[in-house]
Amino acid sequence: MKAKKLIAVFSLSVVFIILAFLGVFSVNFKKVNATSQIAKDYYKGIDMSNANGYRLEKGFEQSPKTLEAVVWITGATNGLDYGECGVVIGALWEESGEGQFALMISKDRNPILWWNKGEFSWQVNYALPTYSWVHMVFVRDATANKIYFYVNGNLTDTKDGIGAEIATPSANHWIGRDARYDGWGGKSNLMGSLNYVGLSSQVVSAEQVKTAFYNYKRVITTYDTNPILSEDLSQNVRAYYRSYKKLEKTPLTITATVKTTASEAGSILSTYCHANGYNVVNLEMTWDGYVKLRWDPKMNNGTEATSVIFNDNASLKINTGNKTHIAVVKDTDNFAFKLFLNGVLVCTKSIGSTPSWFAWENVPTLNVAIGRDLNVDADWKQMRFNGEIYDLAVYSVALTDNQLSYENSITDKTTIDKTIKFSNSETGLMVNWVLSDKQSKLVYYENYLDPVVDYSGNQNNAKVCTMAHYILPETDWFKADKDEYTLVYLPDTQIVVRSSPHYIDGIFNWMVDNKESMNLQFVMGLGDITDGKPLAGDTSMPGINVDLQWDKMQENYDKLTNAGIYWSAVVGNHDYDDNGLSAENGRKANIFNEHFGYETLTENEKKTIISRYDNNSMLNVIYEYSVTTKSGLEANYLLVAVEFGPSDEVLSWASNVISQEKYKNHRVLFNTHSLIYHNGEFAGTDTIYDPEFYPWVSNTSLNFNNGRQIYAEFLSQHKNTFMAASGHIGTDSVETRLDTGVNGNKIFSFLCDGQGTKVYADYDGDSGWGEPVILVVKVNEKTKTLKFNYYDPLNNMMLGVENQFEVDFSDWGNEQSSSSSSSSSQITSSSSSNLSSASFSEKESSSFSESKNSGSTKQETVSSSLLSSNSLGASSSSSKTESSSSSQTSYSSQNISSSKINTSQSVAPNKKGGCGGNIGFALPCLSLLFIAVVIRFNKKIKNR
């Protein structure tokens, strides 16, 4: 009997081993479908829809026979000459150069192969899918007189009789667009992203294409020994840098060291945004390589001062491919602007006879961008600098010729403030940014989030941002664990509901479908629910009928109600009855109350309302709700939702409510339409977007409060104020700040509004801009952290690396008691194989110390109570010591502006560690151990 049992156990062990080696229990040995795998492997790339494209430095020496590309298509736009989806690579309308060819994608998403200036043009009989990575290959076999087209490894279409051999292309081709960019009035940018473009002079076989694809390799780089071009774009996501603080004085000298061969305009240092009323200083290069300075103090009813182009002769061009030190100086004594190249005065531009604006102060309204301007709307081109930027410095004084010559000669630009000699003790140096080798290329590298350090001593570092770039998230990133729940913020939905109302359906459906897995507690709109009802007779408002917009939004908020999800919606300027334009109508919002009035709510929804400013309206409401996690942790909230520019009376009412003793341990969330600018400052009266710039202000019976007044009079006054949010100002990034109230508690505020962002917008509508993004906030009551993700539910993509971040609120002091343990106050970090997040700014003072040592290692350490990078699912954390220059920099404060985020190395998702590094090998090891135990046990039985 014992022998039979032993045989049975032994047999089961053998079967176990066999199954393990066959891959039944193995992750690594499991076969993965290649079509689905490509979506995982090819998720990185450059969004070309708003980019300047890549201009190749020279023509080709051979004719292409194989053309390979990995693309992500979003759809056509009416902005293109022929309604195309855009150009993958091409040189159409190039005035010079024979053998021009192009790979375009039609408005119906059919690839088009075009060459010899149009002698040959083949539109493939295959429509590329949208919002999915596609690998495609054209092979031109002149011997067989045929062209083959492959999609994801499979032959899809052929073209016989290709005719004459293509001439060797001598034109400088573009990647992501072509030469029609400006001169022909048609924007040829690819409406989507590129991961890879490769050309070859070799003919690649069908078997080679299939084999390479199914092994997830590039066809050309795998089989070709003679590539014409092989451009892997997956690690070249376009990036720029944004200062944490704006400049405090008028810039009178700007210096920069750059290198470029580009033939299109681009901003080197910029505070430029097209909005009226903004003070602007902008250093840029023109499309033909000259230095341009915008110096626009828009202080006099929006009057723009001047732009100066230093183009007196061709020797002043800077797109030579050589490092060039640039300096521009405002000469107030002689009413002129001066240009220095490599320390030498080369051009002086006289402004004329004493213009009044020349003497105006011109303190820039916005924070400084390095490597692009700050435009976000689709109608205004984002001018990214195509080249390298090594250093920039801005002075509030006009440097002399000798000082600029000396600055140019300084090898170590981090020492500028210590070496330039001034006649007095004031250097005037406001910022001194020195970029590392990686940073200088203006490219985002995964897991590389170091800020550009300001060596002026003014603690104004610059964070990395991406050019409206989508990032693929980890699977099921939104799922909440036992200690978590989720809040969702809806940025201004006005453009999306006007142009692409079906996108609104998708956003709300996603929230309802994932309610349980997210543990979704509350959804909060930030105003401009619709695009507004125009004044009588005004036919200028585009888009669908405004009544349909309101019906669509009500229909979707009703979905939340039916799913048991609580929500709130604040009124934006576009949501008043006349779009906020009529003084005599005051602040009437009858249409809003018709769709979202008190009587439209369910009894359960009414129970969450503890106070209304006006019992006949839902414009100003305070909600109470409590949350219990699956692990039993609790949190109580008051949500103060008030209209655009709330009045003194509304703020007084809200203060009286939240000050009650019974609410002292509630976290107060404050939502309104206008609170923060896209420079991270509280909104004031210095732009046309302030409530007091709207015509209704002429009605003397009304009063308003802007962001600065709201903070001073309400937010800062209460110990239980926790978080504040607003929309109104379009921006690609979630702009954040952390302040300390009068009671010592921290108050986290942010701006979230994608109405002007254009990445993968819908092109069936009349607009083509306004992204369907939402801000998902996962709250962890055990670790006391807030994890933010800016997310497009329709396409399952995250928008902008800088918009995925984590906040530690364990020591904010908003609660007198806590039902759970708190985490330590420090920056932690984690990484994943496809995403890390960037830091953001805290508007507080910080300590910054720098010391030199003789070693060759630069070590940066951060201690903070606020920020942690987010990896959308990864949980490992580590510190990283990076070897670079001979300086040691330490930061120790709660100011995020001077922080460096440490990120760990990426970990392959299938690697589990242990025996052999994977479960497929570990299980056989365990099986053998089990057999050994059985044999040993059997021996003991026999010995007995």
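Buried here means under 20% relative accessible area, exposed means over 50%, and partly exposed is anything in between (1.4 Å probe, protein chains only). These legends describe a predicted model, where local features need pLDDT of at least 70, side-chain atom pairs count only at pLDDT 80 or more, and totals for chains, interfaces and linings use all residues. Residues are numbered from 1 along each chain as its sequence is written, and side-chain values use heavy atoms, with hydrogens and water left out.

View 1. A search of the whole structure turns up 37 aromatic pairs; rings of Phe, Tyr and Trp (its six-membered ring) pair if their centres lie within 6.5 Å, and planes under 30 degrees apart count as stacked, over 60 as edge-to-face and the rest as tilted. Phe60 and Phe101 make a tilted pair, because their planes sit at 35°, with the centres 6.0 Å apart. For the edge-to-face pair of Phe722 and Phe809, it's 5.2 Å centre to centre and 90° between the planes. Phe722 belongs to strand 37 and Phe809 to the loop between strand 43 (804–808) and strand 44 (848–852), 87 residues apart. Strands (E, at least two residues) and helices (H or I, at least four) are DSSP runs, numbered from the N terminus. Phe809 is buried at 4% relative accessible area, and Phe722 is buried at 1%.

**View 2. Strand 39 is covered on both faces.** Six of the six residues of strand 39 (residues 746–751) are buried, so the rest of the structure largely encloses this strand. Lys746, Phe748 and Phe750 take one side, with Ile747, Ser749 and Leu751 on the other.

View 3. Two strands pair if DSSP finds at least two bridges between them. Strand 37 (residues 721–726) runs parallel to strand 39 over four bridges, and Ala725 has Phe750 as its bridge partner. Strand 38 (residues 735–740) is antiparallel to strand 39, with six bridges; here Asp739 partners Ile747. Strands 38 and 39 form a hairpin with five residues between them, and Gly744 in the turn has a positive phi of about 90°.

**View 4. Two arginines sit over aromatic rings.** The cut-off is NZ of Lys or CZ of Arg within 6 Å of the ring centre and within 35 degrees of the ring normal. Arg612 has its charged end over the ring of Tyr598, 3.9 Å from the centre. Arg140 lies over the face of Trp115, 5.1 Å from the ring centre.
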